[in-house]
Amino acid sequence: MSTTPGRPDLTDLLQAAVASVGGTERPGQVAMAEAVAEAVEEGSHRLIQAGTGTGKSLGYLVPALAQGERVVVATATLALQRQLVERDLPRAVEALHPLLRRRAAFAMLKGRSNYLCLHRLHEGAPQEDEPSLFDPYEAAARSASGPSSKLGKDLLRLRDWADETETGDRDDLTPGVSDRAWGQVSVSSRECLGASKCAYGAECFAEAARERAKLAEVIVTNHALLAIDAIEGAPVLPPHEVLIVDEAHELVSRVTGVATGELTPHGVTRAVRRAAKLVDEKIADRLQNAADGFEALMELALPGRLEEIPEDLAHVLALLRDAARATITALGDTKDRSVADEDAVRKQALASVENVHDVAERVAAASEYDVVWYERDDRRGASLRVAPLSVSGLLREKLFHERSVVLTSATLKLGGDFNGVGASLGLGPEGQDDGELPPWRGLDVGSPFDYRKQGILYVARHLSPPGREGSRSDMLAELAELVEAAGGRTLGLFSSMRAAQAAAEELRGRLDLPVLLQGEETLGELIRRFAADDRTCLFGTLSLWQGVDVPGPSCQLVVMDRVPFPRPDDPLTSARQKAVEEAGGNGFMAVAATHAALLMAQGAGRLIRASGDRGVVAVLDPRLATARYGGFLRASMPDFWYTTDRNQVRRSLAAIDEAARKAATD
């Protein structure tokens with residue numbers, strides 16, 4: 001393994017770190033560490049696919065720590081953030097200390113709303129939002145029996161927790177509290193008074209986290225904060241020389257989410273209510289009239305994309321934008337001391353009105369680089385949304401200049417190469433120097449698992465293709481037979497909640513096996529129960545495709561009901577497909593098929609989580625075998641032994657079930 005003169009050998013460092021977590025060094029991990037070290041030394045970029053079981057965390061942490069540069073590690077999930085901060089980093093730092101002769105400091109940093117706000121906790125939430133929330137809470141807290149509502153109990157527990165916690169991080173509160181309760185004790189960055197103006201600034205949890213990050217050599221954060229850092233004018237993260245994006249298959253989606261704006265009648269009305277007490281009556285009336293016009297228009301809004309902004313919407317948005325701008329100017333000058341704690345209330349009002357102004361102005365601008373659409377659901381009513389047509393330009397401009405970037409995941413090669421993911425990140429073809437960015441290279445370090453010996457990919461070619469409507473009785477019958485042959489042990493991944501519910505109902509009536517359904521209990525509890533009982537099945541939708549890690553005999557059959565293409569009427573997906581086609585590309589393959597390939601690769605990855613695992617991934621959609629895009633999708637999944645023979649698969653499942661039962665009794 002290469003090394004820099006004067007530095008310990010990377011081989012020795014990796015061996016020490018791996019030993020500290022009780023692991024064994026793996027060829028893929030070694031190859032990854034070498035690639036990361038090379039990228040940092042060159043100031044270049046890497047896309048590294050590291051399969052399950054590679055030990056990729058240490059594969060990038062060790063070379064990053066060895067370089068002595070400041071490193072930001074961004075992940076998509078809380079589970080990985082916790083693993084890095086609570087296990088991998090502490091052990092690696094201690095193990096490398098004798099060799100590096102230093103202990104690297106590390107810290108976790110999240111967005112401000114993830115931390116408890118002491119000002120909000122002690123001074124109360126704005127009365128415009130919850131006019132009677134805190135008074136009943138205070139009364140209940142003083143009563144002998146304490147608060148009776150769940151909200152009151154949550155708030156009382158948050159007050160007690162505030163005296164105990166060192167971080168104020170919501171994720172450190174166990175068990176958690178509802179979003180509504182947390183909203184009473186947290187603020188966004190726009191709502192924050194700032195440490196210098198806040199009476200609790202010296203004790204602020206969010207500011208303390210930032211100070212720790214400034215002193216740290218390794219900063220662990222999430223994709224959302226990375227996106228905010230890229231999009232916002234003021235930097236949130238400290239300057240750093242190396243950026244490592246783990247779970248990188250999620251990055252484009254998370255950045256798109258952060259860059260998406262929304263206007264709802266409720267949100268606009270809330271902004272009016274917050275500002276009304278602080279500005280001149282004439283200005284408040286102007287904003288209220290604009291809000292009334294927006295609400296009336298939204299009552300008639302039909303879901304779907306707005307390829308052009310209708311004249312009536314453009315008029316309403318112009319009124320809303322201009323009224324919001326006048327209100328912002330007035331709020332900047334207000335000194336209304338009749339309002340208790342005026343600075344906090346003013347900041348809250350400013351944040352709400354600025355959001356209304358910014359989104360209204362963005363939609364009214366009708367940029368060719370934005371997609372605008374109406375949404376409607378039973379709970380939230382109608383909303384107006386705007387999102388970037390692509391985030392590749394933003395990522396190219398903000399992510400890859402002035403730092404070395406390593407992006408890693410178990411699923412970055414789609415259809416057999418890295419170019420699809422690279423293009424979504426704003427990168428050119430692999431290995432080409434375009435004069436602006438250094439060339440990037442992709443590396444697949446494989447997996448320690450022997451997928452062809454450990455797993456089978458079965459495609460039910462004989463079934464009828466899924467349609468948009470109607471039940472699939474042949475699919476449900478096939479599912480029941482597979483689950484019965486496996487003796488339970490099934491993770492069912494469905495393209496919709498309706499399909500998952502129908503399958504759970506059908507199998508509960510057909511088989512004497514426990515069937516758990518997403519939504520009937522918290523996800524963590526469902527996964528715990530699924531892992532605890534080999535006979536149990538777990539059915540659900542999107543979060544299960546990527547969020548389940550259950551090695552051993554509890555998960556030996558993973559079923560996908562259909563190829564998970566995005567909805568054809570999804571405004572953002574259809575707009576992106578159209579843009580690719582207008583540029584001369586294949587919109588379906590670049591957008592819909594790539595989306596499906598990523599999910600199927602992640603879903604299939606739920607099966608083999610340890611070297612002793614055995615099982616079957618069953619796709620109950622014949623298109624994976626018969627359609628032209630089927631080869632692309634299969635090439636994106638682990639290299640399982642492939643078959644369409646239903647009888648062979650039943651025999652294999654029965655044999656796996658028998659072996660698992662025998663092992664349990666030995």
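What covers the buried residues of helix H21? The cover includes strands E13 (490–493), E14 (515–517) and E15 (537–540), plus helix H22 (542–547). Bear in mind that this is a predicted model: local features need pLDDT of at least 70, side-chain atom pairs count only at pLDDT 80 or more, and totals for chains, interfaces and linings use all residues. Residues are numbered from 1 along each chain as its sequence is written, and side-chain values use heavy atoms, with hydrogens and water left out.

**Helix H21**
- H21 spans residues 523–532, and its buried residues (under 20% relative accessible area, 1.4 Å probe, protein chains only) are Leu526, Ile527 and Phe530.
- Looking down the H21 axis, these fall within an arc of 95 degrees (taken from the axis-to-C-beta directions), so they line one face of the helix.

**Gln518**
- Gln518 sits in the loop between E14 and H21 and is buried, at a relative accessible area of 18%.
- Beyond its neighbours within four places in sequence, Gln518 has contacts (heavy atoms within 4.5 Å) that include Leu526, Phe539 and Leu544.
- A polar atom of the Gln518 side chain lies 2.7 Å from the backbone nitrogen of Thr541.

**The sheet**
- Seven strands make an open, parallel sheet, ordered E14-E15-E13-E16-E17-E12-E18.
- E13 and E16 (557–560) pair in the parallel sense over four bridges, and Thr490 has Leu557 as its bridge partner in E16.
- Helix H24 (587–604) lies across E13, E16 and E17, at about 160 degrees to E16 (angles run from 0 to 180 degrees between N-to-C directions).

Terms used:
Buried means under 20% relative accessible area, exposed over 50%, partly exposed in between (1.4 Å probe, protein chains only). Helices (H or I, at least four residues) and strands (E, at least two) are DSSP runs, numbered from the N terminus. A polar contact is a pair of N or O atoms within 3.5 Å; within protein, one must be able to donate a hydrogen and the other to accept it, and residues adjacent in sequence count only if both atoms are side-chain atoms. Two strands pair if DSSP finds at least two bridges between them.
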